[in-house]
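Please keep the 3D view open and find each element as you read.

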Amino acid sequence: MAHAAHAADTQPDTPQSRADALLARMSLEEKVGQLHTIDASGPDPVGRLGGEIKAGRIGAVINQVDPDTLYELQRIAVEESRLGVPLLVSRDVIHGFNTIFPLPIGQACSWSPELVRDCARAAAGEAAASGVRWTFAPMVDIARDARWGRIAESLGEDPYLASVLGAAMVVGFQGDGLSRPGTLAACVKHFAGYGACEGGRDYDATNIPDNELRNTYLPPFRAALKAGAASVMTSFSDIDGVPATGNPYLLGEILRGEWSFDGVVVSDWDAIGQLITHGLSADMAAAARAAAEAGVDMDMMSSAFIDQLPRLVHEGVVTVDRIDAMARRVLLLKATLGLLDDPYGAAHRSAAPARQATLDLARRAARESMVLLKNDAGALPLDLAGIGRLAVIGPMADQPYEQLGTWVFDGDQTRSVTPLGALRGALGEHRVAFAPGLETTRSRDRSGFAAAQAAARSSDVVLVCLGEEAILSGEAHCRADITLPGAQLALLDALKAEGKPVIAVIMAGRPLTLAAVLERVDALIYAWHPGNMAGPALVDIVSGAANPSGRLPVSFPRSVGQIPIHYNRKNTGRPPQAERILYIDEIQVGAPQTSFGMSAFHLDDGYTPQFPFGFGLSYTRFIYADLVVSAGEIARGETLDVMVTVTNSGERFGTETVQLYLRDPTASLTRPVRELKGFQKVALNAGERRTVRFTLGEGDLAFSGRERRFRAEAGRFDVWVGGDSTADLHASFTLRD
Ligand code: BGC
């Protein structure tokens with residue numbers, strides 16, 4: 001008897017069988033309850049949601065991280081609901097949890113998948129220790145518009161770089177398996193095309209032809225899913241007239257069909273309800289149906305599923321099989337996360353990463369995210385020991401919160417060390433003269449200029465921290481004018497008038513147009529929002545203790561009018577040849593109309609960006625030579641090596657990011673003039689030389705062609721290797737059929 005009872009109690013032991021067993025016992029209402037994600041922030045979440053949880057009508061909560069509240073919500077789910085299915089606790093863990101790392105766009109400047117992975121892993125450890133098990137990251141939307149506030153949250157403009165780094169982030173969050181302590185289920189977002197919003201206005205429509213969709217916008221999603229991402233979030237935007245959240249082509253044909261993705265698809269916040277506002281669905285019932293039939297499993301916040309799906313099933317509009325498939329995916333995720341055995345996350349609480357190690361990682365990440373954009377006459381590094389006094393100026397010099405950037409709900413600003421704090425620590429209080437000059441980056445009040453000028457006058461060098469506060473980028477925070485806001489430029493003028501070397505540090509969530517700034521400074525470090533350890537990382541860089549190695553993951557436009565501008569553009573039938581930035585001044589008044597000699601450029605801003613993709617200076621110099629391809633011709637299935645010699649010809653140790661670009665000059669669809677297909681970071685001592693080798697295979701040459709098949713087309717290929725996307729060392733080879 002005892003033996004029989006024991007056998008009957010034995011749990012089926014795979015996550016799949018456990019999910020199936022639960023599903024078999026569920027009522028329709030309970031199944032639909034699993035599909036409902038609800039906000040648990042605000043006053044009295046237990047009072048507000050307890051009854052619904054008990055009734056099995058909530059599958060996941062978002063935006064609650066208080067341990068006692070989470071415990072009570074989970075206790076109700078586990079002990080008081082009929083089947084005891086635990087809640088999934090979700091949160092936007094984007095670039096850190098309590099410890100904040102650089103913005104994703106900053107992390108992307110490291111071109112280091114290992115670093116990006118480690119930051120995500122540490123963030124997961126901290127978040128899981130607080131009860132969170134599902135993060136809405138990585139965001140792998142290709143971002144080519146600096147006006148768009150969410151460029152801050154992106155990995156830049158390039159499909160290859162975003163693929164490599166997005167996949168690394170997934171591996172970081174999910175670790176060696178979701179049942180392991182300190183892991184989070186990743187959610188790759190926003191599927192798809194969100195970054196292509198018209199005018200850089202968040203949420204606006206996108207128009208992306210299939211070629212662009214498949215060759216530019218989708219590859220990072222594919223890479224994140226290949227890395228094992230457990231879930232996908234749909235985009236708010238519409239694409240070619242069909243909102244992504246109700247888009248059967250995107251969700252059904254591509255994601256579930258071509259890619260065989262069988263994990264959870266969640267809508268963005270209220271995006272199902274917004275199908276009505278978009279003009280796709282007449283009411284909530286139609287919206288719920290459109291989303292469910294397209295392929296969405298979970299409804300975040302619109303309540304369309306919980307309110308409408310049971311009735312739609314009873315009416316025979318939506319099938320029970322469909323609801324079963326949706327609920328099974330959610331249950332499977334919960335089982336895979338180990339929630340059925342450890343709903344309160346005891347195992348994760350003891351797995352939180354050590355505070356100091358996490359701060360050390362944040363410092364390294366901040367250091368590697370900073371990009372040196374100008375350094376005239378060796379203005380940097382500074383000899384901190386030799387300097388009499390340093391003026392530290394600017395509205396971003398001492399802002400423990402603002403230096404964190406967007407999406408830092410749980411960020412602990414008491415862990416921040418500001419540039420001012422770190423420089424005072426390095427130099428001693430008495431050798432730092434501090435005056436912010438402006439209260440905020442948007443201030444127009446110049447009453448602080450006199451004190452800032454006095455500080456400059458009494459110092460040997462001026463270090464000025466400018467930029468944008470955190471709230472000026474991120475979701476729903478787009479700008480039409482992307483110059484430095486407020487009177488910051490005037491502050492630079494005032495400082496320059498004092499005649500001391502001026503080092504500018506810009507902390508911002510987007511590329512700003514910098515022409516006017518560059519004219520006024522001797523050196524410029526683009527620091528993005530570096531996170532908690534902005535100050536120590538900056539001291540590492542300005543002192544020369546670390547040699548800057550950040551490289552831009554996005555082109556910096558000269559002006560807003562150049563947007564969209566990205567290196568992997570099309571050649572066009574009239575490609576620009578030599579750059580003419582101010583051609584407008586050369587055209588004679590009364591000149592007759594002509595298009596001869598003209599090409600795809602702006603009369604008043606040329607066609608090149610202010611800084612190209614891949615660019616970043618170092619305190620040393622790297623010289624490229626001897627580009628060699630191992631074969632002039634390869635057959636399908638064969639590989640070929642591309643080798644180049646890189647020499648550190650300067651006087652310091654430094655790290656170079658060696659970048660390989662490819663072009664398919666003749667194809668069934670016009671292809672970009674260059675595409676990044678590989679990169680390697682190489683650390684070289686002064687005078688050291690190394691041969692760097694890339695191996696290219698057929699897969700690297702492939703793209704989605706006119707037949708919509710991902711495949712390499714035979715013919716000639718051009719290859720460039722160098723330190724940025726303008727690299728001129730060039731070779732060719734042929735792929736033969
Ligand atoms: C954003 C998502 C985010 C969600 C939950 C939405 O407004 O677009 O990226 O994950 O909110 O906070």
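Predicted model: local features only at pLDDT ≥ 70, side-chain atom pairs only at ≥ 80, totals over all residues.

1. Arg-363, Ala-366 and Arg-367 of H17 make the contact with Pro-536, Ala-537, Asp-540 and Ile-541 of H22. By class, this contact of H17 with H22 has four nonpolar, no polar and three charged residues. H17 covers residues 355–369 and H22 covers residues 534–543. Their axes come within 8 Å and cross at roughly 50 degrees. H17 and H22 are therefore oblique to each other.

2. Helix H8 spans residues 159–174, and helix H10 spans residues 219–226. The two axes come within 8 Å and cross at roughly 25 degrees. Angles under 35 degrees count as roughly parallel, so H8 is roughly parallel to H10. H8 passes H10 in a right-handed crossing.

3. Which residues in H8 meet H10? They are Pro-159, Ala-162, Ser-163, Ala-167 and Val-170. On the H10 side, the partners are Pro-219, Pro-220, Ala-223 and Ala-224. The residues of this contact of H8 with H10 divide into eight nonpolar, one polar and no charged.

4. H10 lies across S5 and S6, running at about 160 degrees to S5. S5 and S6 belong to an open sheet of three strands, in the order S5-S6-S9. The pairing in this sheet is parallel. Strand S5 (187–191) and strand S9 (264–266) stand at the edges. Each has a single partner strand, so one side of each is left without a neighbour in the sheet. The twist averages 25 degrees from one strand to the next.

5. Look inside that sheet at one strand pair. Strand S6 holds residues 231–234 and pairs with S9 in the parallel sense over three bridges. What is the bridge partner of Val-232 in S9? That partner is Val-265.

6. Next comes a sheet with mixed pairing. Five strands form this open sheet, in the order S18-S26-S25-S20-S21. Strand S18 (633–635) and strand S21 (675–684) are the edge strands, and each pairs on one side only. Neighbouring strands of the sheet are turned by 25 degrees against each other on average, direction ignored. Within this sheet, strand S25 (residues 715–722) and strand S26 (residues 729–736) pair in the antiparallel sense over seven bridges. Asp-718 stands opposite Ser-732 in S26.

7. Are the residues of strand S1 (residues 36–39) buried or exposed? Both faces of S1 are covered. His-36 and Ile-38 are on one side, Thr-37 and Asp-39 are on the other, and all are buried. In general, the side chains of a regular strand alternate between the two faces of the sheet.

8. S1 also has strand partners. Three bridges join S1 to strand S2 (residues 60–62), and these strands run parallel. Ile-38 stands opposite Val-61 in S2. Two bridges join S1 to strand S10 (residues 299–300), again in parallel. Here His-36 stands opposite Asp-299.

9. Helix H20 (residues 488–496) has a buried side to trace. Gln-488, Ala-490, Leu-491, Leu-492, Ala-494 and Leu-495 are buried in H20. What do the buried residues of H20 pack against? They pack against strand S12 (390–393), helix H19 (449–457), strand S14 (461–467), strand S15 (502–507) and helix H21 (515–520).

10. Finish with a single residue. Arg-328 has its place in helix H15 (residues 320–336). Its relative accessible area is 35%, which means that Arg-328 is partly exposed. Not counting residues up to four places away in sequence, Arg-328 touches Ala-19, Asp-20 and Leu-23. Compare Arg-328 with Ser-130: they are 198 residues apart in sequence and 26 Å apart in space, C-alpha to C-alpha.

Technical notes: Residues numbered from 1 in each chain as written. Heavy atoms only, no water. Axes fitted to C-alpha atoms, helices over the stretch in contact; angles between N-to-C directions. Helix = DSSP H or I, 4+ residues; strand = E, 2+ residues; numbered from the N terminus. Parallel < 35°, antiparallel > 145°, perpendicular 65-115°, else oblique. Left-handed = near helix turned anticlockwise from the far one by under 90°. Contact = heavy atoms within 4.5 Å. Nonpolar A, V, L, I, M, F, W, Y, C, P; charged D, E, K, R; others polar. Buried < 20%, exposed > 50% of the residue type's maximum accessible area, 1.4 Å probe, protein only. Pairing = 2+ DSSP bridges.
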